[in-house]
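Thanks for coming. I have a few minutes, and I will go through one structure with you. Please look at the screen.

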Amino acid sequence: MDFDINLILVPVTLVFLLVWLLDVLILKQHRVVKSYHTDIKQAEDAHEKQRMRMNAALASHQITANAEAYIPNETTPAAVQSAHQDFVASRVRLASLKGNPPSESTLVRWAYEFLPVLAVIVIVRSFIVEPFNIPSSSMVPTLYTGDFIAVNKSAYGLRLPITHTKILDTSSPERGDVVVFRYPVNDKVYFIKRVIGLPGDTVSFDKGVLSINGERVNTTPVQYDMPQPLVEQMYPSVINQQPISDADRAALGREEERYARYQTEQLGEHTYLVRYVGEQGIHPDEALVLQSPEASVGGSQWRVTVPEGQYFVLGDNRDRSQDSRFWGFVPEANLSGKATYIWMHKEPGLNLPTFDRNGAID
């Protein structure tokens, strides 16, 4: 998730808002055009009414001509003469209006047409719910590459789009929440991970078991069979800047899955699956944060204390996730929202979306 669509939506919405305000307060093009169309409709209705009146007058005097074709003469009855005069006057007025239409610039017209839609989209995406696409396998087996999820934007406070300034504090992440946040190393990129440690927590790891503040996280080994299509699509299409064929991706995924072991973790109100692949995955020496004197315990053991105002996050695919072990903690200011629901899954290319993975995210 490396692009924020609000960088386009918000400026375009603001431009249309400025154009709309300029027209409402000064130009008044849209008002004139709207009034013109109202006048045209009224003139057309009036002309049609006079046509009916003229035809009725002709019929009442047994004159076979219709309103458009009739030409009065000196023998024309007074009632027909009056109806004809009113009919001609209504036709002249209608022609005069149609022959002198007011102008409205394209930008002004677009502002009135698109501003309401764009405003709703920006408000919903910024303050209510935003869709995200999962780009990697770091959250397997909870989330897979190609999952489309809904993110609750108000879960951890309301923030202005683009500037990310918090304008209303609503709540804070809880242990076990799956959160979307701006990557601390590059805040133009969005990551998704699971919150493990809250501000002030001490998080430790020993022999595949997490502990928080000295208390072991409840874990249970389980048998889990990942669906074969997801196994084969787990690896990215580009590795070390080199494109990987679908066949090679599938082979790598199948080979790694031979070493995978799964267990449930219960953290707070959340119970979820995590995946380990042991020596096939990351090595503790690669986890730069865990090499610090404060964190290193030795081998695959480590311990960190979460600073105030920050969070420690991990991917559920523990040996295939670049997370807080590598680049550090997530500042509260970088939080974007809470992942709540999978609403679609779609593989790249021309593949049709599927909905069998739909469901709440624990």
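Some ground rules come before that. This is a predicted model, in which local features need pLDDT of at least 70 and side-chain atom pairs count only at pLDDT 80 or more, while totals for chains, interfaces and linings use all residues. Residues are numbered from 1 along each chain as its sequence is written, and side-chain values use heavy atoms, with hydrogens and water left out.

Now the sheet. It is open, with 3 strands in the order 10-13-14 and antiparallel pairing. Strands here are DSSP runs of E with at least two residues, helices are runs of H or I with at least four, and both are numbered from the N terminus. Two strands count as paired if DSSP finds at least two bridges between them. Strand 10 (218–222) and strand 14 (270–276) each have a single partner strand and stand at the edges, so one side of each has no neighbour in the sheet. From one strand to the next the twist averages 30 degrees; the axes are lines fitted to C-alpha atoms, and angles run from 0 to 180 degrees between N-to-C directions. Strand 13, residues 261–267, pairs with strand 14 over 7 bridges. Within strand 14, Arg275 is the bridge partner of Tyr262.

Next, the cavities. A cavity is a set of points on a 1 Å grid over the protein atoms alone where a 1.4 Å probe fits but cannot get out, and lining residues have an atom within 4 Å of a point. Grid points are joined across faces, edges and corners, and the volume is the space filled by probe spheres set on the points. How many cavities of 30 Å³ or more are there? The count is 2.

Last, the histidine. His84 lies in helix 3, residues 78–98. Is His84 buried or exposed? His84 is buried, at 13% relative accessible area, where buried means under 20%, exposed over 50% and partly exposed in between, with a 1.4 Å probe and protein chains only. Leaving out residues up to four places away in sequence, His84 touches Met54, Tyr70 and Pro72; contact means heavy atoms within 4.5 Å.

Technical notes
On a 1 Å grid over the protein atoms alone, a cavity is a set of points where a 1.4 Å probe fits but cannot get out, and a pocket is an open set with protein on both sides within 12 Å along at least five of seven lines; lining residues have an atom within 4 Å of a point.
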